[in-house]
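Hi there,

I'm handing over a structure for you to explore. Please open it alongside this email, and my notes on what was found in it follow below.

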Amino acid sequence: MSYDTLDEVDRGILHLLQQDARNVTTTEIGDAVGVSASTVGNRLRELREKGVIDGYYPQIDYHDAGFPLRVLFICTASIPDREDLAERALDAPGVVTVREIMAGVENLHVEAVATTRDDVADVARKLDELGLEVVEEVLVKNEHVQPFDHFGGDTVSE
């Protein structure tokens, strides 16, 4: 499914889910986008089946959860091995996110959480053992997220 196949209702549903998927009901979504709750339910099922909605994940404050160190490892992986290494990096202790970057170098960004500097060093060692070149380690202070506004921010009544 591509952006071209999403109509205003689909985009409105996606926008509202990004704002607060846990606390918005199909009735509230339906009221906002002008369809019934059952239509919203059917659209959600179709969006999941077509892979547009890949899952629902909590936004966790790792610091408050007891993991005060949040580190971004900027790595380089060989292009043919990048996808496989990205998947294997998820198994490293403390790794929470891996992003494949479309670039020749610094093309894998691995985010991990830890309680101590030794834990951070363990993650770096594991990434090295996998065959990743760790180019840089960056301590992350915070992350700010917002809904993608082209999913219906101006077509949804708020």
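Start with Val 95: its bridge partner in strand E3 is Ala 112. Please keep in mind that this is a predicted model.

Now zoom out to the whole sheet. Four strands make up an open sheet, with antiparallel pairing, and their order is E2-E3-E1-E4. Which strands stand at the edges? They are E2 (95-100) and E4 (133-139); each has a single partner strand, so one side of each is left without a neighbour in the sheet. From one strand to the next, the twist averages 20°.

Two helices lie across this sheet. Helix H4 (residues 82-89) lies across E2 and E3, and runs at about 170° to E2. Helix H5 (residues 117-130) lies across E1 (69-76), E2, E3 and E4, running at about 20° to E1.

Next, have a look at a pair of helices. Two packed helices are described by the angle between their axes and the distance between the axes. For helix H2 (residues 26-33) and helix H3 (residues 37-49), the axes come within 8 Å and cross at roughly 100°. An angle of 65 to 115 degrees counts as roughly perpendicular, and H2 and H3 are therefore roughly perpendicular to each other. Which residues meet there? From H2 come Thr 26, Thr 27, Ile 29 and Gly 30, and they meet Ala 37, Val 40, Gly 41 and Leu 44 of H3. By class, the residues of this contact are four nonpolar, four polar and no charged.

Finally, the empty space. Rolling a probe the size of a water molecule over the atoms shows where such space is left. The largest pocket holds about 1400 Å³ of space. Its lining has 34 residues, and those nearest the centre of the pocket are Tyr 57, Pro 58, Gln 59, Ile 60 and Val 145. Where does the largest share of the lining come from? That share is five residues, and it comes from H1. Helix H1 (8-20) and strand E2 each supply at least two residues of the lining, so you will meet E2 again here. Sorted by class, the lining of the largest pocket has 17 nonpolar, eight polar and nine charged residues.

Enjoy exploring, and send me your questions!

Best wishes

How values were computed: Residues are numbered from 1 along each chain as its sequence is written. This is a predicted model: local features need pLDDT of at least 70, side-chain atom pairs count only at pLDDT 80 or more; totals for chains, interfaces and linings use all residues. Side-chain values use heavy atoms; hydrogens and water are left out. Two strands pair if DSSP finds at least two bridges between them. Axes are lines fitted to C-alpha atoms, for helices over the stretch in contact, and angles run from 0 to 180 degrees between N-to-C directions. Contact means heavy atoms within 4.5 Å. On a 1 Å grid over the protein atoms alone, a cavity is a set of points where a 1.4 Å probe fits but cannot get out, and a pocket is an open set with protein on both sides within 12 Å along at least five of seven lines; lining residues have an atom within 4 Å of a point. Grid points are joined across faces, edges and corners, and a volume is the space filled by probe spheres set on the points. Ala, Val, Leu, Ile, Met, Phe, Trp, Tyr, Cys and Pro count as nonpolar, Asp, Glu, Lys and Arg as charged, and the others, Gly among them, as polar. Angles under 35 degrees count as roughly parallel, over 145 as roughly antiparallel, 65 to 115 as roughly perpendicular and the rest as oblique.
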